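Open the model in your viewer and keep the selection panel at hand. The stops below go one by one, each with something to select and something to look for.

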Amino acid sequence: MMKLTIGHLYPDLLNLYGDRGNIQCFRKRLEWRGIEAEVIPFLSGDKIDFQKLDIVLLGGGSDREQELVCGFLKDIREDFQAYVENGGVVLAVCGGYQLLGKYYRTDKKTIEGLGILDITTEWEPERLIRNIVLNSPLFEQPVVGFENHGGRTYIGDHTPFGKVFYGLGNTGKSGYEGVVYKNVIATYLHGPLLPKNPQVCDYLLERALKRKYGDGVTLEPLADELEHKANSYIVDRYSDKKYILKETIKRYT
Amino acid sequence: MRLRSKLAIKCAKATSSLIKKMNRGSGVTLPGYVARLIDPKILNEMAGQVREKIIVTMGTNGKTTTNAILCRALESEGKKVIINRTGANMLNGIISAFVLSTDKKGRLDADFACIEVDEIASVGVLPRLTPDCALLTNISRDQLDRFGEVDITYNKLMTAVTSVPKTTLIINCDDILSCSLAENSGNPYVTYGISEQIFDDISRSEIRESIFCRKCGKKLEYDFFHYGQLGIYHCPNCGWERPQPDYTAEHIELHDEVYSFDMDRLHIDSTARTPYNIYNTLSAYTALKALGAGYAGFKEMIEAFDYGNNRESIFQINGARVQLHLAKNPIGFQQKVSLVLKDPKPKDIIIQINDTYQDGEDISWLWDVDFQYLADSNAQSIITAGTRRHDMGLRLKYEDIPCGSTTDLRASVLDRVENGTKNLYVIVNYSGLYRTNHMLTELEKTCGKTGEGKAEQEKSAAGKPEPGTQGQNREQKGGERA
C-alpha cells in the first residue's frame, strides 16, 4: 500500500482560518483512494526530519504569532530549503507564504523569513479582505478562496499561482496571486483552499506520489460533485457583474 | 437640551416610522444614522440623560444573554433601563436604541443603560457613552474577515477601554486575552472566573487563541481548558498566572438538564442548560456588584430567568419537537454540537450557513469546528441550507458524514416534521435567525402543536429539495469511496 507522510508545521502557532481543513482534505482524498496518510504535527521547537516528509503544510498565523515562529524557522531553514530544491511538496498559506520569502516588514518591525522564495512582503494598514477567484494555468477549473491579509507580497521573477479574476491578490494591484515554484504552491487563499479546489489538492498529491513512487503513479478520479458545486457557486457569483456591483456598493456604505 | 439634538431625535423617529410603514424590516440602524448625521454628539447627549449608571457588554460570545440578565436584574428592582435588545450593537444601532426610547419632548426616562457593543464599534461607542462599567465576556475567534485577526480585536478593545480610563472593567480571568487586556489597560477592573472543570470534551475545540504568554512569548501551561483558550493557565517561564477571581461559581452540578451552583454565598438553582450560561450569569452578577445595584434580588430573578432569549427556541410543530439554535462562530458551534450529542434520541438536523456581511463573508471557520462527533449523534438525516450550504456539506463530507442540501428551508422543515424522527434541530448562523424563527413560529401556529393533517397540504405547496439531497448522497457514499 502506498503511503504519504504530511508534516503540519507549527499548528500551535500557525493555525488560522480553518487551515486544518487542508490537512483533512489531503488525508481524506488519500484514504478514499486506498492510500495511507500519516499526519505529523510539529509543534514549535520540535525537531523536523524533512527526509521523512512527502508534503509540508505551513499555515497562517497572526503577525504576533508569526514573529514567534520566525525564531524556530532559523533552525530548520537549511533542511527546509534542501527539501524544496529536491522537489518536496509544500503548501504554504498566507502567513506561511510570507515566511517562505526573505522578509515581512510591518510598521513596527521586520520579520525575517526562510528566504526559500525570492519574494518580499510589506505591510500596509488597509487589509485585503474578500472572496477571491483565480485562473491558474495549472488547472481548467478556477481556484476559489478567501483572502485576508495586511501584507503586500512582491514576487519578483517568480511564476504566480494564478491570475486574479475577482479579488485583490498579492499586492492588490498586480493582478496576480501566489507563487508556484518547483513543487511549492504558496498562496494567500484561505477557505480553506483545498476542499473547494480538489484539483489543487490532487495536483499536490500526485506530485508527492510521483516523487516517492515514480512517474508511473496516477490518481484515480473521485466523485467531486459537491466540491464542484461549492467551487462553482463562488465562480458564478463573481462572474455576475450585477452581483459584484451590489457587493461593492455594500462594502463602501 | 440643544435644539440640534431635538431635531436629530425628531428626524430619527420620523425615519423609524417611515421604515415601519414601508414594512422594510425592523429599522434599527438607519434612525441612528440619521440622528448622528444631524447631531454628531447625539450619543453623548443621550448618555448624559441617564440618571444613574451605564454599563456596556462586549466580547465574542454571550453578549446578548449577559446584557439581558443585567437588564432584568435592574428592572426587577424597579429601575428604568434602556437596552439595545435587537442585537443592534454597532454605533448607529445603539444611537437608535436611545433616541427611539425618548418621550415626545426628546427626553430619556432611564435610570440605567445596558448596552451591548460590537468589538469593532467599541472604539467609537465607548468615548461617547463613557460607561461606568464595561463587561467583557471573552475574546476569541469570530468573524475574522471583519476583524482580521484576534489580535486586531484585542487592539480595538484596548483602544476603546483606554479612551475611558475611569470605566471599571469586568473581566473573565480564565481568558488570558481578557486578563492581559485588563492588566495592560490601566483601568480599574474586577475579575470573575470558574475554577472547576465544567465543560465536556466535545465542547473543547482544539482551536485556541493565544496559548502563548503575552508577557514573555513562551508556551503557557494549562491545568485544564474550559473551552477555546479559556482555562486555568500559568507561564512556566515568567510566572504569569491566572489570578484568583474576585467572583466565582462553585459546586456546579447538573440535574435534570439544568445547572445549580453557588456564587458569592448564594445557592442558585438556575434554568441554564449549558455551562456557558453559568459564565454569563456569573459575569452579570459581578458587574451588578461593581455597579452597586440590582444584586439584592438576584437569586429570585435568575432562577426564573429564561436564557432562551429567542436564540434557542423550542417549537412544537405537528407533534414534532423542533429546536432552533444560533451558531455563529467555531466556539459557539462547538457548544451546539455538544448539546446535540447530549440528546441520545434519534434526530434530524438542518444546518443553515449564510455568508452575508452580518454573518461574516468568510466561512472557513466551519473547518475549526470538530464536526466528527456528529457521526455519533444518532442523526437520521442531516440537511444543509443557506447560501454556503455546499461548503457546509463539504465540511461534513470530509468527516465521512453523509448529508443532503436544500434551497427551501421551509419545505425541508415540513418534510422532516412529517417524515422524520419528530426531533428536529435547526442550527443557523446570524442572518438566518430572524427569518427562521419567524417561519417556525408561523408553522407552529398553522400546523398546530399536535398537528392534524395541515402539514400535508403545506408540503405539497412548497418546493422540492434540490437534487443531491440526503437519500441520494447516502447511496452515493459507498461507491464514491470505493
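Which residues of the largest nonpolar core touch the most other members? Select B:Leu70 and B:Ala287. They hold that place in a core of 91 residues. Keep in mind throughout that this is a predicted model.

**Stop 1: the cores**

Stay on B:Ala287. Leaving out residues up to four places away in sequence, it touches B:Ile55, B:Leu70, B:Cys133, B:Leu135 and B:Ile170. Now colour helix α10 of chain B, residues 276–291. This helix gives the most to the core, with ten residues. A second core is separate and has 65 residues. To find it, select A:Phe26, A:Leu58, A:Val89 and A:Leu168, which are among its members.

**Stop 2: a strand residue beside the helix**

Select B:Tyr247. It sits in strand β9 of chain B, residues 247–255. Is B:Tyr247 buried or exposed? It has 20 other C-beta atoms within 10 Å, so it is buried. Show its contacts next, setting aside neighbours within four places in sequence. They are B:Tyr192, B:Met263, B:Asp264, B:Leu282, B:Tyr285, B:Thr286 and B:Lys289. Then draw a distance from B:Tyr247 to B:Thr387, C-alpha to C-alpha. The two are 43 Å apart in space and 140 residues apart in sequence.

**Stop 3: a helix pair in chain B**

Select residues 3–21 and 30–38 of chain B, which are helices α1 and α2. How do they pack? The angle is about 155°, and the axes are 8 Å apart. The two helices are therefore roughly antiparallel. Their crossing is right-handed.

Show the side chains at the contact:

- From α1(B): B:Arg4, B:Leu7, B:Ala8, B:Ile9, B:Cys11, B:Ala12, B:Thr15, B:Ser16 and B:Ile19.
- From α2(B): B:Leu30, B:Pro31, B:Gly32, B:Val34, B:Ala35 and B:Ile38.

Colour this contact by class, and you get eleven nonpolar, three polar and one charged residues. An α-helix has 3.6 residues a turn, so residues three or four places apart point the same way.

**Stop 4**

Move to helix α9 of chain B, residues 176–185. It is mostly covered, with seven of its ten residues buried. Those are B:Ile176, B:Leu177, B:Ser178, B:Cys179, B:Leu181, B:Ala182 and B:Ser185. What covers them? Chain B elements including β4 (133–136), α8, β5 (168–172), β6 (189–193) and β8 (230–234). Just after the helix, select B:Gly186, where phi is positive at about 85°.

Next, select helix α14 of chain B, residues 409–419. Eight of its eleven residues are buried, so it is largely enclosed by the rest of the structure. The buried set is B:Leu409, B:Arg410, B:Ser412, B:Val413, B:Leu414, B:Asp415, B:Arg416 and B:Val417.

**Stop 5: where the chains meet**

Show both chains. Here 28 residues of chain B contact 34 residues of chain A. On the chain B side, α7 (144–147), α8 (150–162), α13 (389–397) and α17 (470–481) each give two or more residues. Which gives the largest share? Select α13(B), with five residues. By class, the chain B side divides into eleven nonpolar, seven polar and ten charged.

**Stop 6: backbone details in chain A**

Most residues other than glycine have a negative phi, and most peptide bonds are trans.

- A:Cys94 has a positive phi of about 55° and is not a glycine. Find it in the loop between β4 (89–93) and α3 (95–100) of chain A.
- With 14 other C-beta atoms within 10 Å, A:Lys182 is partly exposed.
- A:Gly191 and A:Pro192 are joined by a cis peptide bond, with omega about -15°. A:Pro192 is in the loop between β12 (184–187) and α4 (193–196) of chain A.

**Last stop: A:Ser174**

Select A:Ser174, in the loop between β9 (162–166) and β10 (176–177) of chain A. It is partly exposed, with 16 other C-beta atoms within 10 Å. Draw one more C-alpha distance, to A:Asp236. The separation is 23 Å, across 62 residues along the chain.

Conventions
Residues numbered from 1 in each chain as written. Chains lettered and ligands numbered in written order. Predicted model: local features only at pLDDT ≥ 70, side-chain atom pairs only at ≥ 80, totals over all residues. Axes fitted to C-alpha atoms, helices over the stretch in contact; angles between N-to-C directions. Helix = DSSP H or I, 4+ residues; strand = E, 2+ residues; numbered from the N terminus. Parallel < 35°, antiparallel > 145°, perpendicular 65-115°, else oblique. Left-handed = near helix turned anticlockwise from the far one by under 90°. Contact = placed C-beta atoms within 7 Å. Nonpolar A, V, L, I, M, F, W, Y, C, P; charged D, E, K, R; others polar. Core = buried A, V, L, I, M, F, W, Y, C linked by C-beta atoms within 7 Å. Buried ≥ 20, exposed ≤ 12 C-beta atoms within 10 Å, placed from the backbone.
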